[in-house]
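Dear colleague,

Please find the structure below, handed over for your own work.

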Amino acid sequence: MFDSLSTKFTSIMKTLSGKGKITEKNIRDAVEEIRLSLLDADVNLRVVRRFINSTLEEALGEKVLLSVDPGQQFTKIVYDKMVALLGGDDQSLKLKGKDTLSIILMMGLQGSGKTTTAAKLALKLTKEQGRRVMLVAADLVRPAAITQLQVLGEKVGVRVFTIPGEKDPVRVAREAVSTARHELYDTLIVDTSGRMHLDETLMREIQNIAQTIHPDETLFVADAMTGQNAVSIAQEFEEKVGISGVVLSKFDSDTRGGAALSLKSVVGKPLKFIGTGEKPEDLEVFHPDRIAQRILGMGDVVSLVEKAQQVYDEEQAEKLAKKIQKNTFDLQDYLEQLEQMNKMGSVDKLLEMIPGAKGNIREEDIDLKEFERQKAIIKSMTKFERSNFRIIGPSRRKRIARGSGTSVADVNRLLKTFEKQRNMLHKVMSNKKLQAQMLKYFS
């Protein structure tokens, strides 16, 4: 996500941070590069203009030009503006307590990923908040929509409410609310029908459902790959139906990010969730501050630690942190991390969260196709070799390659990659302030 934009912003910030003194020309040049980068990322033109004018006005003040560290001051200004552009404070779902039914109405065009997102959200609320969720199949237009939701519901372990043969989605929604209250569910997620394009029939149907069930949240689901089109459609739904927030599906495939950067300013509603993959677990809360950090190449330690918490307990985390800090992180540890990687998400996404990793590790160093081969290579080593990779000379490398069904070149590449990542992690964890911050989140 934001791959191109992040690369450009990181380069701009790195250039300015390397200057002991910043002039007005330096700032204007940097802001112009930022402007071009935002336009290239498909950000709304009016949004770009406001962002640039505001940034330039504040950056040309004495606070930056005469500060002890002008590069850092400029970065702080851009970061604050970026957070505001992305939505400001985190916008969590406004749900009632578990003793009262909360209703979430999902809407969007056909093909936006609405049904899949409904199931992902059900899983998230069940696992992370312990809520008792029921899904409602109120999409009676698209063929197999009910079947799809039933399959997804079974996959995430959530009940799906249907009325076989019913043609009126309003009745389905109304009966679902009655059933949910009677059976003491605390959350109802209603999947509505979509169309290939906006029309009065679609809007009227959703309006009728909303007026009947009075949802606490009305979430508009849009395909991030459609860029500014997603923003304009969200604006239409907000004007004609009213939405409380937006979910961008297929966000992992959107390398530019123009929709995410334009939504709050244009539509006036927060981006609440992003779909980051095809798995049921691949739905993330949208944190403007964390995304801004990633765009500016600062990493995202909080999200990284939250993901790590899912697979490590406090004792494991402290043990691993100490090994990295003491530079005793070995190939056995590396193997264990590779085997845990699928639980935490793809490696390229995780590296976005590590401060200093972006731009310092080449694409071939994180090639996902390499990982199975790397695990096979490490498993062909003796325990002594895994604990001391420096003793692995030519003869050992030949033996390891034969045992793992790989080549000596593959073994060489693994050892080189491991040493590079080991050194980088040691450098990060040698930062006492960062280490204390990370361990705090595990406590």
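In helix 19 (residues 394–404), the buried residues are Ile400, Ala401 and Ser404. Buried here means under 20% relative accessible area, exposed over 50%, and partly exposed in between (1.4 Å probe, protein chains only). Those three residues cover an arc of only 100° around the axis, so they lie on the same side of helix 19; the arc is that of the directions from the helix axis to the C-beta atoms. The face turned away from the buried side carries the exposed residues Ser395, Lys398, Arg402 and Gly403. The cover over the buried residues of helix 19 includes helix 17 (370–379), helix 18 (383–387) and helix 20 (408–429). Gly405, which follows helix 19, has a positive phi, near 70°.

The model is predicted: local features need pLDDT of at least 70 and side-chain atom pairs count only at pLDDT 80 or more, while totals for chains, interfaces and linings use all residues. Residues are numbered from 1 along each chain as its sequence is written, and side-chain values use heavy atoms, with hydrogens and water left out. Helices (H or I, at least four residues) and strands (E, at least two) are DSSP runs, numbered from the N terminus.

An open sheet of 8 strands runs in the order 3-2-4-1-5-6-7-8, with mixed pairing; two strands pair if DSSP finds at least two bridges between them. Strand 3 (159–161) and strand 8 (283–285) stand at the edges with a single partner strand each, so one side of each has no neighbour in the sheet. From one strand to the next, the twist averages 25°. Strand 6 (residues 245–249) and strand 7 (residues 271–275) pair in the parallel sense over 3 bridges, and Leu248 has Ile274 in strand 7 as its bridge partner.

**Salt bridges**

The structure holds 26 salt bridges, each being a side-chain nitrogen of Lys or Arg within 4 Å of a carboxyl oxygen of Asp or Glu. Among them, Arg390 and Glu419 meet at 3.2 Å, N to O. This pair links distant parts of the chain, 29 residues apart: Arg390 is in the loop between helix 18 and helix 19, and Glu419 is in helix 20. Arg390 is exposed, with a relative accessible area of 56%, whereas Glu419 is partly exposed at 29%. Glu166 and Arg171 also form a salt bridge (2.5 Å, N to O). Glu200, Glu236 and Lys240 are linked in a network of salt bridges.

Yours sincerely

Definitions and conventions:
Axes fitted to C-alpha atoms, helices over the stretch in contact; angles between N-to-C directions. Contact = heavy atoms within 4.5 Å.
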